[in-house]
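User: Could you walk me through this protein model? I'm new to reading structures.

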Amino acid sequence: MAQSPHRRQVRISCAALLRLRDDNRYVLFEARSRPGAFSPPGGVFKYFGPAAELLDGLGFRADRWPQSSSDMRADLRGLLPARSLTSFRRWFTTGAYREDASECLRRKLSEELTEIGYPGLAHSVRATRFAHLRTIVEGLLPVPGQRYRQWRQLEVYDLMCADKETLKLRTELVALTADAAARTVIAATPDDIQHGRAGRSLLTPTTSYLVGDRRIRYDIPPVR
């Protein structure tokens with residue numbers, strides 16, 4: 001029996017996450033695509049124009065959700081023929097024609113500070129620097145309710161407080177986690193992350209990569 005075309009598809013996603021730590025607590029932002037859930041700052045890498053032809057040749061089909069189509073343009077997240085995964089990984093490793101982790105994290109941190117209601121902090125992101133903590137490769141995992149498998153690479157970085165502006169940004173974000181009026185920023189402990197909730201707030205599964213290299217739960221479906 002011929003294999004279903006869906007079984008020959010892999011959903012890929014490449015992202016950078018920021019670990020912003022205060023003692024044994026981790027700063028999390030409300031996830032716009034998952035209202036009521038909180039996750040580490042960061043998100044999916046974007047590719048640049050010259051990579052489009054290469055990705056087309058690999059058969060890559062980017063995710064497109066109607067409510068987020070403009071935000072998702074050039075995201076490295078979508079479906080890829082399984083036969084092309086090795087070539088995709090080889091290209092991604094070169095870093096050619098895509099954001100590096102610092103570019104990705106600066107862009108996402110600036111965007112997310114605006115989304116969670118603190119655009120005044122976004123100007124502090126321009127000179128931020130990051131230190132690599134770990135790289136997680138999830139592959140090829142079954143997805144409940146879907147006929148494809150999923151492959152993801154997540155790069156986790158610490159914020160380097162090497163200048164006064166970055167230190168001020170960190171201090172202000174940590175302070176927001178203690179402000180009852182700041183409902184889009186929270187702090188979670190390792191126990192919270194293990195449990196999957198901080199108080200009433202749900203934590204996304206990728207939050208577990210702030211404290212280790214093991215995924216604890218399945219994904220929370222995004223709003224489309």
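Analyst: Let's go through it with a few questions and answers. Heads up: this is a predicted model, where local features need pLDDT of at least 70, side-chain atom pairs count only at pLDDT 80 or more, and totals for chains, interfaces and linings use all residues. Residues are numbered from 1 along each chain as its sequence is written, and side-chain values use heavy atoms, with hydrogens and water left out.

User: What share of the chain's residues counts as buried?

Analyst: Buried means under 20% relative accessible area, exposed over 50%, and partly exposed in between, using a 1.4 Å probe and protein chains only. Of the 224 residues, the buried share is 49%.

User: How are the planes of Phe-88 and Trp-91 arranged: stacked, edge-to-face or tilted?

Analyst: Rings of Phe, Tyr and Trp (its six-membered ring) pair if their centres lie within 6.5 Å; planes under 30 degrees apart are stacked, over 60 edge-to-face, and the rest tilted. Phe-88 and Trp-91 sit 5.7 Å centre to centre with 55° between the planes, so by that rule the pair is tilted.

User: Is Phe-88 buried or exposed?

Analyst: Its relative accessibility is 0%. So Phe-88 counts as buried.

User: Which strand does Phe-88 in helix 2 get tied to through Trp-151?

Analyst: Helices (H or I, at least four residues) and strands (E, at least two) are DSSP runs, numbered from the N terminus. The rings of Phe-88 and Trp-151 have centres 6.2 Å apart and planes at 85°, so they're edge-to-face. That pair ties together parts 63 residues apart in sequence, because Phe-88 lies in helix 2 and Trp-151 in strand 9.
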